[in-house]
Amino acid sequence: MTLLRPDVAIAHKTARATTADATLIDTEPAMVALYVLVKEDSQWWTAARQNTLVPSAK
């Protein structure tokens with residue numbers, strides 16, 4: 001997480017695909033997500049989120 005100011009942050013995260021029982025399908029990330037977080041009354045809230053699928057290298 002990167003603080004842009006004391007009450008605004010961005011977070012960049014990757015995710016991997018799994019089955020319903022949490023078995024990994026791929027070893028490489030299947031998605032990249034970017035979150036914009038804002039702090040209001042000592043609570044962090046998600047203000048925006050954007051997910052991008054990563055194409056497989058097949």
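Visitor: What share of the contacts with a separation of 6 or more comes from residues 24 or more positions apart?
Guide: This is a predicted model. Contacts here are heavy atoms within 4.5 Å. Among those with a separation of 6 or more, residues 24 or more positions apart account for 25%.

Visitor: In what order do the elements run from the N terminus?
Guide: The chain has 0 helices. Its strands number 4. From the N terminus on, the order is β-β-β-β.

Visitor: Is the chain spread out or a compact globule?
Guide: For 58 residues, the globule rule gives 10 Å. The radius of gyration is 15 Å, well over that value.

Visitor: What does the C-alpha trace span along its principal axes?
Guide: The spans are taken along the principal axes of the chain. They come to about 45 × 25 × 15 Å.

Visitor: What percentage of the residues count as buried?
Guide: Buried means under 20% relative accessible area. The chain has 58 residues. Of these, the buried share is 10%.

Visitor: How much of the accessible surface belongs to carbon and sulfur atoms?
Guide: The accessible surface of the chain comes to about 4800 Å². The share of carbon and sulfur atoms is 57%.

Visitor: How far apart are the mean positions of the positive and negative charges?
Guide: The chain carries 6 positive charges and 6 negative ones. Their mean positions are separated by 4 Å.

Visitor: Which residue is the bridge partner of Ala15 in S3?
Guide: Strand S2 covers residues 8-15 and strand S3 residues 31-40. They pair in the antiparallel sense over 8 bridges. Ala15 has as its partner in S3 Met31.

Visitor: Which residue of S4 is the bridge partner of Leu37?
Guide: S3 also joins strand S4, residues 43-53. The two run antiparallel, with 10 bridges. Across from Leu37, the partner in S4 is Thr46.

Visitor: Which residue in the hairpin turn has a positive phi?
Guide: S3 and S4 form the hairpin, with 2 residues between them. A phi of about 55 degrees in the turn belongs to Asp41.

Visitor: Is Ala9 buried or exposed?
Guide: Ala9 sits in strand S2. Residues up to four places away aside, Ala9 touches several others, including Met1, Tyr35, Leu37 and Trp44. Its relative accessibility is 0%, so Ala9 counts as buried.

Visitor: How far apart in space are Ala9 and Thr46?
Guide: In sequence, 37 residues separate Ala9 and Thr46. C-alpha to C-alpha, their distance in space is 9.6 Å.

Note on methods:
Residues are numbered from 1 along each chain as its sequence is written. This is a predicted model: local features need pLDDT of at least 70, side-chain atom pairs count only at pLDDT 80 or more; totals for chains, interfaces and linings use all residues. Side-chain values use heavy atoms; hydrogens and water are left out. The radius of gyration is taken over C-alpha atoms; the globule rule is 2.2 Å times the number of residues to the power 0.38. Buried means under 20% relative accessible area, exposed over 50%, partly exposed in between (1.4 Å probe, protein chains only). Accessible areas come from the Shrake-Rupley method with a 1.4 Å probe; for residues, only the protein chains shown count as cover. Lys and Arg count as positive and Asp and Glu as negative; His and the chain ends are not counted. The place of a charge is taken as NZ of Lys, CZ of Arg, CG of Asp or CD of Glu. Two strands pair if DSSP finds at least two bridges between them.
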